[in-house]
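Colleague: I would like to learn how to read pockets in a protein model. Please take me through this one.

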Amino acid sequence: MSSKEKPTLGGTRIKTRKRNIAAPLDPAAFSDAVVQIYLDNAGDLELVAKSIESSDLNFTRYGDIFFEVIFIGGRTQPGTVKSDEGERHTYSVIDCEPKREAILPSVVYIQKILRRKPFLIKNLENVTRRFLQSLELFEENERKKLAIFTALAFSQKLSGLPPETVFQPLLKDNLVAKGIVLSFVTDFFKEYLVENSLEDLISILRRGKMEDNLMDFLPPVRRTAESFAEHFTNEGLTDLVEYHSKKMFEVKLREIKTVLTSKVTEEETNVDEVIESVKQQVKDAKLPDIEVVRVVWDGLMDAVQWSGKNQQQNANSVLRQVKTWAPLLNTICSSGKLELELMYKVQMQCYEDAKLMKVFPEVVRSLYELDVLAEDTILHWFRKGTNSKGRQTFVKSLEPFVNWLEEAEEEE
């Protein structure tokens, strides 16, 4: 090993790599520049769009401000929806007439901008969400314009506005309680349905996770089915009222079915208590008797412990369930019409479930022996039943039992 000293870099200046220095933020200058484009083109959105496209403005950094200028006419003051100091134009959405023909050009203009600058989609979401969360800071006329704009944005399939952005921020307690949200969504619904179907609107609500929560738009003190129907009927939205009534009806049915299935599957279940519970639920929900028969049968069948492909075990499970809950079935089948409906439900259950195809006559006979189905009901179904699903097969399988009934009747 050499003991000779190694050379050093003493006296030599080592150059360090320069870091990128970020340019200082200047949102005011950006806002003024966009406003000036509007002013130079006298609000002609075709010319504005061309000028925006050819400009060297930093939209990546100031995307939110760009949409503030479109909506408000200038940059907003922090924590408000009002214009900050600086240049402002009067061709904004807020300055338009509260009519579709006045606001639609702005929607088309934004669509053009987003096609050329798709990275601005997120900024549009940010600004829209912020404005909707702050609806109370706008005047009533301005809220109407925002509702029309939002409806047209969906109607024109404007990119960058998922339903969650529109509906979820609206459900702030203070906005709902003041009736601001109800007014906004009413204007939104009315405008959107001008060119779109109710099915399209429901699709938007479903994606926004609001399909089952339309009542949440009403102030708590008015949150009843009657108030919902009255309000939207007066606004000319009768189709929406009918849809909501049907939806609420389905929700009530599901609730009764779920509760019934849960109680039936409990190890120590008191049949009389379940009967009283079902009666009370039916009374509260104001359900038609036929629907009660259908939902109770479905609830009982959902609670059956199926054993797989073993036909006899499945048949025994169904028969055991029928025997246990015959008092409940007897309670809800209080007329020949309702007994016939129960037979149709049994027919459909056995038709739709392959493992129960051969169980039909046994179930019907059991229901007869337990005094749930009357002889006249069974004979009527056999001779004049109107449900064609699997009817020929079931009629043939039930024929021996019907012959026995008729012979017994003749002997008497």
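Predicted model: local features only at pLDDT ≥ 70, side-chain atom pairs only at ≥ 80, totals over all residues.

Colleague: How is empty space found in the first place?

Modeller: Rolling a probe the size of a water molecule over the atoms shows where space is left empty.

Colleague: Which helix gives the most to the lining of the second largest pocket?

Modeller: That is α15, residues 311-324, which supplies four residues to the lining of the second largest pocket.

Colleague: How many residues of each class are in that lining of the second largest pocket?

Modeller: Six are polar, five are nonpolar and two are charged.

Colleague: What is the volume of the largest pocket?

Modeller: The largest pocket has a volume of about 280 Å³. The elements that give two or more residues to its lining are α11 (225-234) and α12 (238-264). Of these, α12 gives the most, with six residues.

Colleague: Which residues lie nearest the centre of the largest pocket?

Modeller: Met215, Ala225, His244, Met248 and Lys252 do, out of 17 lining residues. By class, the lining of the largest pocket has ten nonpolar, four charged and three polar residues.

Colleague: From which domains does the lining of the largest pocket draw at least three residues?

Modeller: Domain 1 (27-236) and domain 2 (246-410) each give at least three residues to the lining of the largest pocket.

Notes:
Residues numbered from 1 in each chain as written. Heavy atoms only, no water. 1 Å grid on protein atoms, 1.4 Å probe; cavity = no way out; pocket = protein on both sides within 12 Å on 5 of 7 lines; lining within 4 Å. Points joined across faces, edges and corners; volume = space filled by probe spheres on them. Nonpolar A, V, L, I, M, F, W, Y, C, P; charged D, E, K, R; others polar. Domains from an automatic or database assignment.
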